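This report examines a predicted model. Please consider the sequence and structure shown below before reading on.

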Amino acid sequence: MAQERPDTDDDQLMARTAAGEEAAFRLLVDRWERDVLAFLVHMTGSRDDAEDLAQETFVRVFRQAGRYRPEGRFRSWLLRIAGNLARSRHRRRRLLKWLPLDLDRHDVASPTPSADRGVEAEQTAQVVRAAIARLPERQRQALVLHRFQGLRYVEVADTMGTSLAGVESLIQRALAGLRTDLSRRGEEP
Amino acid sequence: MKHVTDRLAAWVGGEMSATEAAACEQHLAVCPECRAQSVRMCATWEALGCAARASTPPRADLWPAVRARTFGRRGGWFFGGSPAVRLALAAGTLAVGILCGRLTGGLTGPGTVLPDDDGSLAAVWLEDSTWHSGTSGALADSWLALAENGTATTAAAGQGGTK
């Protein structure tokens, strides 16, 4: 799961974005929007929220382009912005007792009647995603970054501003918590 | 070796060094308790992989909305320029605004006379909000004299009418 795209390219694109080059910024958005969206879908449990937050993430990237330090860690920086926005929205909603995480709106594949295995896999996936959504916020963020976004522990630590040991502990507890949650609901993997 | 149950996430996620992984697997081979835990951990790990694979890839067409909130707002004559040009324009606009404000008495200042290149009076503002609207007669002559050294005095200001 090593990082495939050299962040140095992203650093150059960020420098050109800071200089006002629209094409460079568009390239960054095109390059990273799927990763950011996928991350935010898992973080929020809502496709609509994920799109909204992904858009906001890139707007913030643009606004902060002049202050970005080209240290080859663009992905961590980008996902940190996205993660902070997701956590901020989640807290705000919890505070205001707004909508809970709407798992029914989570984007799912439309199964065809003949694709029984696909249907079963999707049902399992929905159960697992629901369990992920019930994890404590930081455990969920660490797990999603590692398992779904393919970040190594060191990158997760960088993104979340914590230590390697902290990341390992978060993911260990997240996996144990998922296991317990699924077992209690009769969905033991 | 002690139990490895608290390190199984790193093991299953491929985050152990080769040495650590070898030691962990040696322990799993001889410890039924940790081995049972590792089986459950692997199952959870795989279930997560299934969940990831079963998800429809999110649509990816953010650019129009993002552009509208970034570069789309910069398409006018002012925002279309470079930062240096925008700064120069803003500074010039501010300077003109201050000058206009002082000429109309809206602002007070140190009492400065601005002569044109040909020596004629171009602008006057005085430090006590006194505004001289005429440029003829003795007062105008005194202003023109002041234009030579560039600074008005309170005495000169006192000869004008109050705004």
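How many salt bridges does the rule count over all chains? The count comes to 17.

## The interface of chains A and B

In this predicted model, 46 residues of chain A are in contact with 40 residues of chain B. The area buried between the two chains is about 3,900 Å², and carbon and sulfur atoms give 61% of that area. Of the area that chain B buries against chain A, 18% is supplied by L62(B), W63(B) and R69(B), more than by any other three residues.

Across this interface the rule finds 13 residue pairs in polar contact. On the side of chain B that touches chain A, helices α1 (8–12), α3 (32–54) and α4 (63–69) of chain B each supply at least two residues. The most comes from α3(B), with 13 residues. By class, the residues of this side of chain B divide into 21 nonpolar, 11 charged and eight polar.

## Salt bridges between the chains

Four salt bridges are found across the interface of chain B and chain A. In one pair, the side chains of E15(B) and R152(A) meet at 2.8 Å, N to O.

Another salt bridge is formed by E56(A) and R69(B), with the closest N and O atoms 2.6 Å apart. This pair crosses from helix α3 of chain A to helix α4 of chain B. E56(A) is buried at a relative accessible area of 16%, whereas R69(B) is partly exposed at 23%.

## Salt bridges within chain A

D52(A) and R89(A) form a salt bridge whose closest N and O atoms are 2.6 Å apart. Because D52(A) lies in helix α3 (residues 47–63) and R89(A) in helix α4 (residues 74–96), the pair ties together parts of chain A that are 37 residues apart in sequence. D52(A) counts as partly exposed at 33% relative accessibility, and R89(A) as buried at 15%.

R75(A) forms a salt bridge with E155(A), the closest N and O atoms lying 3.0 Å apart. Here helix α4 of chain A holds R75(A) and helix α7 of chain A holds E155(A), so the pair ties together parts 80 residues apart in sequence. R75(A) is buried, at 7%, and E155(A) also counts as buried, at 12%. Salt bridges with shared partners join D49(A), D52(A) and R89(A) into one network.

## Buried elements of chain A

Why is helix α7 (residues 153–160) of chain A largely enclosed by the rest of the structure? Six of its eight residues are buried, namely Y153(A), E155(A), V156(A), A157(A), T159(A) and M160(A). After α7(A) comes G161(A), whose phi is positive, near 65 degrees.

Q141(A), in helix α6 (residues 137–148) of chain A, is buried with a relative accessible area of 1%. Beyond residues up to four places away in sequence, Q141(A) touches F39(A), M43(A), G83(A), R87(A) and M160(A).

Conventions
Residues are numbered from 1 along each chain as its sequence is written. Chains are lettered from A and ligands numbered from 1 in the order in which they are written. This is a predicted model: local features need pLDDT of at least 70, side-chain atom pairs count only at pLDDT 80 or more; totals for chains, interfaces and linings use all residues. Side-chain values use heavy atoms; hydrogens and water are left out. Buried means under 20% relative accessible area, exposed over 50%, partly exposed in between (1.4 Å probe, protein chains only). Helices (H or I, at least four residues) and strands (E, at least two) are DSSP runs, numbered from the N terminus. Contact means heavy atoms within 4.5 Å. Buried area is the accessible area (1.4 Å probe) that two parts lose on being put together, summed over both. A polar contact is a pair of N or O atoms within 3.5 Å; within protein, one must be able to donate a hydrogen and the other to accept it, and residues adjacent in sequence count only if both atoms are side-chain atoms. Ala, Val, Leu, Ile, Met, Phe, Trp, Tyr, Cys and Pro count as nonpolar, Asp, Glu, Lys and Arg as charged, and the others, Gly among them, as polar.
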